[in-house]
Amino acid sequence: MSKAALFRFRLFVAGDALNSAQALGNLATLCRVHLPDRHEIEVVDVYAQPQRALAEGIFMTPTLIKLAPLPLRRIVGTLAGTPALLLSLGLGPP
Amino acid sequence: MKKKLRPLASPALAKAAAGIAGFDDITDGGLPRGRCTVLAGGPGSGKTIFALQFLVHGAQGTQATAEPGIFVAFEESAERVQLNAGSFGWDLAGLSPKRLLFIDARPPPEQLQAGDFDLGGLLAGLTAQLRVTKARRIVFDALDIVLAMLPDLAAQRREIHRLHEWLLAQQLTAIITAKSVGDEAANGSAPLLSLMQFMVDCTVLLQHRVALGVSQRNLRVQKYRGSGFDENEAPFLISRHGFEVPLARVRGLVPSAPSSERLSSGVARLDTMLGGGYFRGASVLVTGFSGTAKTTLAGAFAEAACLRGDRTLFVSFDADCSEVLRNLASVGLRLQRFARSGRLQMASARSITGSAETYLARLKLLATEHRSRCLVIDPVSTWAKSGEDLTAHSVADRLMDWAKGEGITLLCTSLLDEMSSRPEDGSPLQISTLADTWIHLSYLVQAGERNRGLSIIKSRGTAHSNQVRELILSSTGVTLADTYSADGAVLMGTMRWEKESSERLADEMAELAEELRRARLATEQAALTQRARALDLEQTLLAGQAASRLRVLERRRERLDQLRGADVQTVKP
């Protein structure tokens, strides 16, 4: 995997719910550690954009979608438990 | 000052009809409106069908009366659910999504889970949809699937609570279905169910048991806050019209006034014995061993009904429809013409397999579709073979109640066990106590013959003959013959015939003898008259002779006097 590849994330959160806040924090930390300067995070609040959540089939919050690089990944939860998470994002230890 | 106790200002709990026949009766109107109901049961127990029917029922009606619904599927795909619903004749495709919206909320299989999550996304999406469709009803199908993904009990409780709050805020009438295994459902010990207990106002348990190889489905309302309900297990079935709870007695139903109209049994003399026939709307039971002409008697009733113009349903558990028609034709009961015109519907129940409940529901469906006024079931005892005795009995009970309620005249035949030592001990289903009229057919073996006897064991509200009659089948029909009692025994068949002919002979002889006697007497009388006349004549003759002799004597004396001389007179003093 190219070191330069840009990681694009979309995180669906439910307002300021605890789980969602945790996920956002965890994602930010993860990006800071593993993807400095090569990530984009779009945060979608399902309360603000419910139709969008419905259209994308988001029923559990928080849900993280890794849009790029492919393959698409969908992760539900607070994004705790780093090793498995990193593996699934293609950020496993080299 | 004394304060008067004010009644709590809670209006009667509003109900939302589930559109499930029987269930709405058990619960006195349906599910609690604006509240949450949990539907628990094992796999394949009918939860999804129940829930879907609830939504479909709500979606029917005009813009003003309809209650649009949302179906949130966690387990099956929305397409699968819709496809399955098609088999019940529910036209889901014809319903606009505004009336019934399917949301596929299955977690994608490739989805990874890392840490805790909540249902905020779902509820936010649903809230948005509610504004569009104005849904009043919602179903969360297999919520347990999602809850099981949560890391711990605390999280599960939190999400259930969240859902509860949301439902209350939206004032939706909701059904949440959840799987339970085995007895868990019965005592509510499943962890998820017990978690949900606090939030729900109504819990309905569905069970699917197999007894003696026959499937048996039961429904039980476990709790219903603020409402009375029937606490007993009620059998239900999934028919081609969907979920159905056949009930024996509808709560609070006023029985219809009994009719005093008499219906012919199809056998003229039997009508006479019954004081005019069966009552309309009565339940008639015909018991007897195999081959005692139960079916024939049932056929006679059916023919009489058809001739009268009553639509009749004839259900045979023994033989195919065509066989029954042929066999009945051989005793002069020509039912084919009515079968052709549709007035008579024949149904062979040999093809129906399943529990007594299934039989009953199919029967009710057939009779309702055919608009039958008379119903023949031949024989009802087949039911005893399907599943538990208890169920079969309650089904027979419900059959009769239902027929009464519908004003349908019911004739059931019941096979008795030939080996049974007490043939009149009652039919296997014990329906003899429920039936209004009970006719027993028996064999009497005498002088190397087997003849059929008919007796009326009971007939409510009717004076009836206590005599055993002989049932005679011939190609021209069914008749009853008087039986002869001789030395305390009943004579039938050839012996009756012999007795009859010997009596006839004796009668003729007696008549002849009388005539002869009359002739003799007439002759005698004539002879006597003759003789009286002869005697009269003789008497007249005698009198004449005496007179003439006197005259002769007179003349002789005169002559003698002349001869002797005239002095004779001097001799005289």
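This is a predicted model: local features need pLDDT of at least 70, side-chain atom pairs count only at pLDDT 80 or more; totals for chains, interfaces and linings use all residues.
Chain B runs to 573 residues, and 49% of them count as buried. Its secondary structure comes to 17 helices and 26 strands.

**Chain B overall**
- Among chain B contacts with a separation of 6 or more, 70% are between residues 24 or more positions apart.
- Chain B shows about 29000 Å² of accessible surface, and carbon and sulfur atoms own 54% of that.

**Helix α4 of chain B**
- This helix covers residues 120-133, which makes 14 residues. From first C-alpha to last, α4(B) reaches 20 Å, close to the 20 Å expected at 1.5 Å a residue.
- Since 12 of its 14 residues are buried, α4(B) is largely enclosed by the rest of the structure.
- The buried set includes B:Gly120, B:Gly121, B:Leu122, B:Leu123 and B:Ala124. Further along the helix, B:Leu130 and B:Thr133 are buried too.
- What do those buried residues pack against? Within chain B, their partners are β4 (69-73), β5 (100-104), β7 (137-141) and α6 (153-170). Chain A joins in as well, through α2 (50-55).
- Just after the helix, B:Lys134 takes a positive phi of about 55°.

**Positive phi without glycine**
- B:Lys134 has that positive phi although it is not a glycine. The residue lies in the loop between α4 and β7 of chain B, and a relative accessible area of 55% makes it exposed.
- B:Ala142 is another non-glycine with a positive phi, here about 65°. You'll find B:Ala142 in the loop between β7 and α5 (143-147) of chain B.
- Is B:Ala142 buried or exposed? B:Ala142 is buried, at a relative accessible area of 4%.

**Cis peptide bonds in chain A**
- A:Thr61 and A:Pro62 are joined by a cis peptide bond, with omega about -5°. A:Pro62 sits in the loop between α2 and β3 (63-68) of chain A.
- There's also a cis peptide bond between A:Leu70 and A:Pro71, with omega about 0°. A:Pro71 belongs to the loop between β3 and β4 (73-76) of chain A.

**Cavities and a pocket**
- The structure has four cavities of 30 Å³ or more, and the largest cavity holds about 50 Å³ of space.
- Both chains line the largest cavity: A:Phe59, A:Met60 and A:Arg74 are among the chain A residues, while B:Arg106, B:Pro107 and B:Gln111 are among those from chain B. By type, the lining splits into six nonpolar, three polar and two charged residues.
- The second largest pocket has a volume of about 310 Å³. Of its 18 lining residues, the closest to the centre are B:Lys294, B:Thr295, B:Thr296, B:Asp318 and B:Asp378. Two helices of chain B, α10 (294-308) and α11 (321-329), are the elements that each give two or more residues to this lining.
- That pocket lining divides into seven nonpolar, seven polar and four charged residues.

**A buried loop residue: B:Ile20**
- B:Ile20 is in the loop between β1 (15-16) and α1 (23-26) of chain B. With a relative accessibility of 1%, B:Ile20 counts as buried.
- How far apart in space are B:Ile20 and B:Glu244? C-alpha to C-alpha, the two are 5.9 Å apart, although 224 residues separate them in sequence.
- Setting aside neighbours within four places in sequence, B:Ile20 is in contact with B:Phe50, B:Gln53, B:Phe243 and B:Val245.

Terms used
Residues are numbered from 1 along each chain as its sequence is written. Chains are lettered from A and ligands numbered from 1 in the order in which they are written. Side-chain values use heavy atoms; hydrogens and water are left out. Helices (H or I, at least four residues) and strands (E, at least two) are DSSP runs, numbered from the N terminus. Buried means under 20% relative accessible area, exposed over 50%, partly exposed in between (1.4 Å probe, protein chains only). Contact means heavy atoms within 4.5 Å. Accessible areas come from the Shrake-Rupley method with a 1.4 Å probe; for residues, only the protein chains shown count as cover. The expected span of a helix is 1.5 Å times one less than its number of residues. On a 1 Å grid over the protein atoms alone, a cavity is a set of points where a 1.4 Å probe fits but cannot get out, and a pocket is an open set with protein on both sides within 12 Å along at least five of seven lines; lining residues have an atom within 4 Å of a point. Grid points are joined across faces, edges and corners, and a volume is the space filled by probe spheres set on the points. Ala, Val, Leu, Ile, Met, Phe, Trp, Tyr, Cys and Pro count as nonpolar, Asp, Glu, Lys and Arg as charged, and the others, Gly among them, as polar.
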